[in-house]
Amino acid sequence: MSNSISVLVETNYLPDQSDPVERRFVFAYTITIRNEGDAAARLMQRHWIFTDANGKQQEVRGDGVLGEQPRLQPGQGFRYSSGTILETPVGAMEGSYQMVADDGEQFDAPIAAFRLAMPGLLH
């Protein structure tokens, strides 16, 4: 039996909620989690590390996502959107989801680092 969770990320800068003068840069991100394994699994916890361009890190741990602990059948996906605020116009996020398969096996689904950036800053 294999446990395999894929995580796809889309990000957006939200200029209407940001205030660069106040060093407030707001980003939205949409996550699509898909169970690529052959057993159902439930997302129990999340762990995020946010890093701004100054190297300042914030760490967030919590149960599930958006108050849910979705159970994904093989081939099934779950999509949600959330957001974060950074003090710089560029930053990064990475982390993991702690999963538990129906047979009780616990495993981590890693989330590779991805960039948060205000448009026009990076080439």
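A polar contact is a pair of N or O atoms within 3.5 Å, where within protein one atom must be able to donate a hydrogen and the other to accept it, and where residues adjacent in sequence count only if both atoms are side-chain atoms. The model is predicted, so that local features need pLDDT of at least 70 and side-chain atom pairs count only at pLDDT 80 or more, while totals for chains, interfaces and linings use all residues. Residues are numbered from 1 along each chain as its sequence is written, and side-chain values use heavy atoms, with hydrogens and water left out.

We begin with one serine. Ser-18 sits in the loop between β1 (5-13) and β2 (25-35), where strands are DSSP runs of E with at least two residues, numbered from the N terminus. Its side chain makes a polar contact with the side chain of Tyr-13 at 3.5 Å, and the side chain of Ser-18 also reaches the backbone nitrogen of Val-26 at 2.8 Å. If residues up to four places away in sequence are not counted, Ser-18 touches Tyr-13, Arg-24, Phe-25 and Val-26, contact meaning heavy atoms within 4.5 Å. Ser-18 counts as buried because its relative accessibility is 12%, and buried means under 20% relative accessible area, exposed over 50% and partly exposed in between, with a 1.4 Å probe and protein chains only.

From here we turn to charged residues. Side chains of opposite charge can pair when their charged atoms come close. The structure holds five salt bridges, each being a side-chain nitrogen of Lys or Arg within 4 Å of a carboxyl oxygen of Asp or Glu. One of them joins Lys-56 and Glu-87, whose closest N and O atoms are 2.8 Å apart. Because Lys-56 lies in the loop between β3 (41-52) and β4 (57-63), and Glu-87 in the loop between β6 (77-86) and β7 (90-101), this pair ties together parts that are 31 residues apart in sequence. Lys-56 is partly exposed, at 42% relative accessible area, and Glu-87 is partly exposed too, at 29%. A network of salt bridges links Arg-23, Lys-56 and Glu-87.

Another salt bridge brings together the side chains of Asp-102 and Arg-71, at 2.3 Å from N to O. This pair links distant parts of the chain, since Asp-102 is in the loop between β7 and β8 (106-117) and Arg-71 is in strand β5 (residues 71-72), 31 residues apart. Arg-71 counts as partly exposed, with 35% relative accessibility.

Conventions
Helices (H or I, at least four residues) and strands (E, at least two) are DSSP runs, numbered from the N terminus.
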